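Look at the sequence and the structure below before reading the notes. The points that follow are grouped by topic.

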Amino acid sequence: HWGAEGKVAQMMRCFPLLALGQDVPRPSEEGQGELNLAVMTKAAQTLAEEVGLEQVIRTLMRDMIIHAGAQYGLLLLMRGEDPVIEASARIEDQQVKVDVHTSLPTARDLPLPVLNTVMRTRKTVVFADAFSEAPRLRLGGPDAPLVRSLLCMPLIKRGALVGILYLENSLAADIFTPNRTAMLELLAPQAAISLDAARLYKDLLDENTRRANAEFAL
């Protein structure tokens, strides 16, 4: 009656990181739909404007972590038939820290059975509470924090698997609600297009550099 849900929606929009792991009331999925759609539309436009591969990756990871409510995330891109980690991101001091690097995925990075399932089915996998639904998904050994909310999403362009986004939250269950998952899936096609275009652009620049160096050597 006096607008509590509207105020909560405004607070989550302005300070999305403050709600991570806190037992706070959430606006209804219906009330959040218009807000989330506007946020994701803006994120898609931002991705479409980026050109450099590293900047596309940083923008994508930052937006996904914040708007999904995740603590930790990985971006994997396909190289042939194999997925390769291209970046990781995590919440530190209320900020998203993105580390762009290349490595092969291991069981310490993410649950490999989940990764393989997404690669095979090309469908998003979500656990509302992985600790109770799939207790074997503990990462990094017995001392690692338990994974509560988990999401693993394919990035597909024209039927081809371009990459995979992995997100998790160890503080709270049911973070990746149906509404949030649907919004992320709306952004996924633009993410796949932007990543593929940026990678092709980088390959073109690298090839031009190699040719220029070869001509200079001759």
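**A threonine in a helix**

In this predicted model, a polar atom of the T59 side chain lies 2.9 Å from the backbone oxygen of Q55. T59 belongs to helix α3, which covers residues 53–68. With a relative accessibility of 1%, T59 counts as buried, because buried means under 20%.

**Overall layout**

- The chain contains 6 helices and 6 strands.
- Read from the N terminus, the order of the elements is α-α-α-β-β-β-α-β-α-β-β-α.
- The chain has 218 residues, and 42% of them count as buried.
- Among contacts with a separation of 6 or more, 59% are between residues 24 or more positions apart.

**Helix α6**

- Helix α6 spans residues 178–217, which is 40 residues.
- From its first C-alpha to its last, α6 reaches 57 Å, close to the 58 Å expected at 1.5 Å a residue.
- At A188, α6 bends by about 30°, and the proline P189 follows within four residues.

**Confidence of the prediction**

- The average pLDDT of the chain is 79, and 74% of the residues score at least 70.
- The pLDDT is below 50 over residues 21–35, a stretch that has 25 contacts in the model beyond near neighbours in sequence.

Terms used. Residues numbered from 1 in each chain as written. Predicted model: local features only at pLDDT ≥ 70, side-chain atom pairs only at ≥ 80, totals over all residues. Heavy atoms only, no water. pLDDT = per-residue confidence, 0-100. Contact = heavy atoms within 4.5 Å. Helix = DSSP H or I, 4+ residues; strand = E, 2+ residues; numbered from the N terminus. Expected span 1.5 Å × (residues − 1). Bend = angle between axes of the 7 residues up to and from the residue. Buried < 20%, exposed > 50% of the residue type's maximum accessible area, 1.4 Å probe, protein only. Polar contact = N/O pair within 3.5 Å; in protein donor to acceptor, adjacent residues only side chain to side chain.
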